[in-house]
2 protein chains.
Amino acid sequence: MSEQIRPSLRAEPARPSPTLEDLARAAGVSRSTASRAINGGSRVSPEAQAAVDDAVIALGYTPNRAARSLVTRRTSSIALVINEPDARVMMDPFFAAVITGVTEALRETDMQLVLLMSRAGGDPSRTVRYLRGGHVDGAIVVSHHKADGWTEELAASGLPTVFIGRPWDTALGIHYVDVDSFQGARLAALHLAAAGRTRLGTVTGPLDMTAAADRLAGWQAGLREAGLPQGPVAHGDFTAAGGTAAADLLLAQDGRLDGIFAASDLMARGAILAVQSSGRAVPGDVAVVGFDDHLPAPGELPLTTINQPMVEIAAEAGRLLLADIEDPGAGRDPVIYPARLVVRASSTPQAD
Amino acid sequence: MSEQIRPSLRAEPARPSPTLEDLARAAGVSRSTASRAINGGSRVSPEAQAAVDDAVIALGYTPNRAARSLVTRRTSSIALVINEPDARVMMDPFFAAVITGVTEALRETDMQLVLLMSRAGGDPSRTVRYLRGGHVDGAIVVSHHKADGWTEELAASGLPTVFIGRPWDTALGIHYVDVDSFQGARLAALHLAAAGRTRLGTVTGPLDMTAAADRLAGWQAGLREAGLPQGPVAHGDFTAAGGTAAADLLLAQDGRLDGIFAASDLMARGAILAVQSSGRAVPGDVAVVGFDDHLPAPGELPLTTINQPMVEIAAEAGRLLLADIEDPGAGRDPVIYPARLVVRASSTPQAD
DNA sequence: ATTGGACATGGGAGCGCTCTCACGAGCATG
DNA sequence: CATGCTCGTGAGAGCGCTCCCATGTCCAAT
């Protein structure tokens, strides 16, 4: 009775989608039963269930998410908070891996991923307000900096949250997934030492990030362990250009440097460039080790690096978040993935 | 009953956030007036407005999006549909640019970006169902393939939609933003011809995408215009490895090939590799032209390419979508950005 | 035969918001 | 002075859903 004498094929731009009420009527049951059937169907007779299932298909019924949210207080969406000022960081394969991993974890769920470029929008508090406003069921925070300030606020808000990369203040009991940066960097030092390199320098990431700080500490520990002097340290920003600039500084401090560990692959690429344009060869004169194990661009010198399984780490963060949303009380231990040394040509003339 | 005797400092995990009712009471006005004041405040006295504004700050009020959605039938979110099977395509700088651009367009809005990896989830129809289900106010579709099938369905659903890249069936009146692929490819051909190259081949993208088809057509038109033979054509898949394989084919077909146009930068990089490993030099023996104008990785041979302003294109798609959501009826012309030739070292020994 | 539990069902309230409508106050118009 | 407005306001309905609770039905246990 809702269809008019309407000659056009699709003149109705917004045919109101069927409601649960409609569905129930079509299935010959009550709204309550229809609702139960839709949601897993406990306490529903097989006949009623079948009738509802058929009606769902016949009507093309989709539950109205807003209405459902309103009463359940759940939104079926989680936020991926990318905490960098410039949206251009998206170019970093790191974030691609994160998105890939999180998407993977959400695949079988009906959860949706909301992308939140927290600092790109200008107002950082807007992000917190959004997160606290109950618009999402949980959040994954990536690329956390020391001075962000809202870590505490977020932890206090009670919103299920998982960090990718250890947050600064672990006392808050925030859940996180990380790679063992310390051990990874230590392995890099030991590897270079084992390869007979003795004058070693490092290019760090921004030290307001735990990953960068841990890698520096691990590196220094490795050098100590190998009985080598600490050597020069220069600070980069996880970009290739920053790696080049930092490596230039390193080379200026020690003209006979024979090994460099950079805290990311991108910076290692930049460092190789710096070495080469100083007239020295990689790995002949200077061995270079990175951290990440991104897929190399075609034709690039294969890079010795510390592998971190970012896609898997992000997926685990996703799973952890889902679990935390299901069962908020539970304390969950951080998940730390081991870092593996992958030896390639940039540190050993004979390798691959 | 779920809370144990827990001495923790912030024991209330979910203090119910204030409702409009609370806000109205605090401001000493009615719920209606509070609502009006929140939403732009027409027909609200300055005093009432001020009282509400104060109360908002005092209570930290955030409107409940679900409740609002339920009545307004708007969700304040749009979907970015990435229509590729493998989530790993995220590694392509192309998508990074798209996300950057769309985010930019949404910056001043309270719209949120929902990421939809349409084919990665396995079930493609799930995406359509989600989109038709009224969960978002609009959609931006990127990386559209000929056989997707749901273009029509989407167009018929009445959901405001903007494609990035021309859809196959423009008769449906779908809005889109694109770069002038035809002209860009034509420019590439003319450039190579002007540089004195005469034995030219091309590496195409997947021809079930309009961008790839248009570039092939433009390339062929350019050759015709320059009075050159059509030369060999090999098909790539917009990846570097695909570019290498396709270029190998090209070189096998014509051992004296002296110029290659690849329909993307990534494929051009792959093609350069193929040329070099065949023992010939770029640009000395073979000039290579790409399409995209991505930022080059450090140390790479500067690539002559066709610039397409992807960030801007994506931002325009975002703006177009917002406009279409505001005012659904309006027919909007496609926006086509010009493609610019950027000459660098890969095609001219003396350049940059 | 009587009780009682397990189970399937439907009625109704209510989540937090917007929006229509009616109302009174204030003002200019006839 | 009556009439028609514009304007600010509040009451109330209702968006589509879930969930609590009351009701009805059937079968095992007494």
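A polar contact is a pair of N or O atoms within 3.5 Å; within protein, one atom must be able to donate a hydrogen and the other to accept it, and residues adjacent in sequence count only if both atoms are side-chain atoms. Keep that in mind for the exercises below.

The model is predicted, with pLDDT of at least 70 needed for local features and 80 or more for side-chain atom pairs, while totals for chains, interfaces and linings use all residues. Residues are numbered from 1 along each chain as its sequence is written, chains are lettered from A and ligands numbered from 1 in the order in which they are written, and side-chain values use heavy atoms, with hydrogens and water left out.

**Exercise 1. Find how chain A is laid on chain B.**

Step 1. Superpose the copies by least squares on the C-alpha atoms of residues with pLDDT of at least 70 in both.

**Exercise 2. Describe the surface near DNA strand C.**

Step 1. Collect the residues with a heavy atom within 4 Å of the strand. There are 27, and A:Ser30, A:Arg73, B:Leu20, B:Tyr61 and B:Arg68 come nearest.
Step 2. Sort them into 11 nonpolar, 10 polar and 6 charged. Here Ala, Val, Leu, Ile, Met, Phe, Trp, Tyr, Cys and Pro count as nonpolar, Asp, Glu, Lys and Arg as charged, and the others, Gly among them, as polar.
Step 3. Turn to the polar contacts. The side chain of A:Thr33 has an N or O atom 2.8 Å from a phosphate oxygen of DNA strand C, and for B:Tyr61 the distance to a phosphate oxygen is 2.5 Å. A:Arg36 places a polar side-chain atom 2.7 Å from a base oxygen.

**Exercise 3. Work out how α2(A) and α3(A) pack.**

Step 1. Take the helices as DSSP runs (H or I, at least four residues), numbered from the N terminus.
Step 2. The axes lie 9 Å apart, at an angle of about 80°.
Step 3. Angles of 65 to 115 degrees count as roughly perpendicular, which makes α2(A) roughly perpendicular to α3(A).
Step 4. A:Thr33, A:Ala34, A:Ala37 and A:Ile38 meet A:Ala48, A:Gln49, A:Val52 and A:Val56.

Definitions and conventions. Axes are lines fitted to C-alpha atoms, for helices over the stretch in contact, and angles run from 0 to 180 degrees between N-to-C directions. Helices (H or I, at least four residues) and strands (E, at least two) are DSSP runs, numbered from the N terminus. Angles under 35 degrees count as roughly parallel, over 145 as roughly antiparallel, 65 to 115 as roughly perpendicular and the rest as oblique. Contact means heavy atoms within 4.5 Å.
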